[in-house]
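Student: I'd like to learn how to read the packing in a model like this one. Could we go through it together?

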Amino acid sequence: QLARNLRNNSTQSEIRLWGYLKGKQIMGYDFHRQKPIDNYILDFFCNELMLGIELDGYSHHFEEVLVKDERKEKRMNELGIKVIRFEDEEVMRDIDNVIRSIEGYIEEFEENVRLCL
């Protein structure tokens with residue numbers, strides 16, 4: 001229910017990035033938004049890549065929120081999920097660089113998979 005509420009009340013940066021992530025637009029990978037995992041909700045998640053994307057707004061600069069973010073990221077890492085973070089401002093002002101960063105992570109992931117085969 002909380003994830004549904006978050007999807008219905010997305011921030012402007014979440015709406016903007018979702019426009020690029022939905023429908024397998026980034027290198028053919030399927031992302032979901034406001035994805036519940038364990039006791040947390042990731043802003044965006046791709047199961048194939050085991051990749052979470054978090055967008056940090058103004059509130060993420062407060063100590064208590066930083067501590068919660070660290071705890072969440074640690075738990076995601078324990079579950080084998082890599083989390084990359086972007087500031088809301090980055091998404092709003094330089095979406096091309098945000099997309100390049102995500103694609104760079106995906107290229108690195110794919111290269112590691114190839115090396116393991």
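Tutor: The buried residues of α2 are covered by elements including β1 (32-37), β2, β3 (51-56), α4 (88-93) and α5 (95-116). Contact here means heavy atoms within 4.5 Å, and buried means under 20% relative accessible area, with exposed over 50% and partly exposed in between (1.4 Å probe, protein chains only). Helices (H or I, at least four residues) and strands (E, at least two) are DSSP runs, numbered from the N terminus.

Student: Before we go on, what should I know about the model?

Tutor: It's a predicted model: local features need pLDDT of at least 70, side-chain atom pairs count only at pLDDT 80 or more, and totals for chains, interfaces and linings use all residues. Residues are numbered from 1 along each chain as its sequence is written, and side-chain values use heavy atoms, leaving out hydrogens and water.

Student: Which residues in α2 are buried?

Tutor: Ser-13, Glu-14, Leu-17, Trp-18 and Leu-21. Looking down the axis of α2, these buried residues fall within an arc of 130°, so they line one face of the helix. The arc is that of the directions from the helix axis to the C-beta atoms.

Student: How do I read an aromatic pair?

Tutor: Rings of Phe, Tyr and Trp (its six-membered ring) pair if their centres lie within 6.5 Å; planes under 30 degrees apart count as stacked, over 60 as edge-to-face and the rest as tilted. The count by this rule is two aromatic pairs. One of them, Trp-18 with Phe-44, is stacked, at 6.0 Å centre to centre with 15° between the planes. Trp-18 is in helix α2 (residues 12-21) and Phe-44 in strand β2 (residues 40-46), so this pair ties together parts 26 residues apart in sequence.

Student: And what about the nonpolar core?

Tutor: In soluble globular proteins, nonpolar side chains tend to be buried together. A nonpolar core is a set of buried Ala, Val, Leu, Ile, Met, Phe, Trp, Tyr and Cys residues joined through side-chain atoms within 4.5 Å. The largest one here has 21 residues, and those with the most contacts inside it are Leu-17, Leu-21, Phe-31, Ile-53, Phe-86 and Ile-102.

Student: Which element gives the largest share of this core?

Tutor: That's α5, with six residues. There's also a second, separate core of six residues, including Ile-37, Leu-42, Phe-45 and Met-76.
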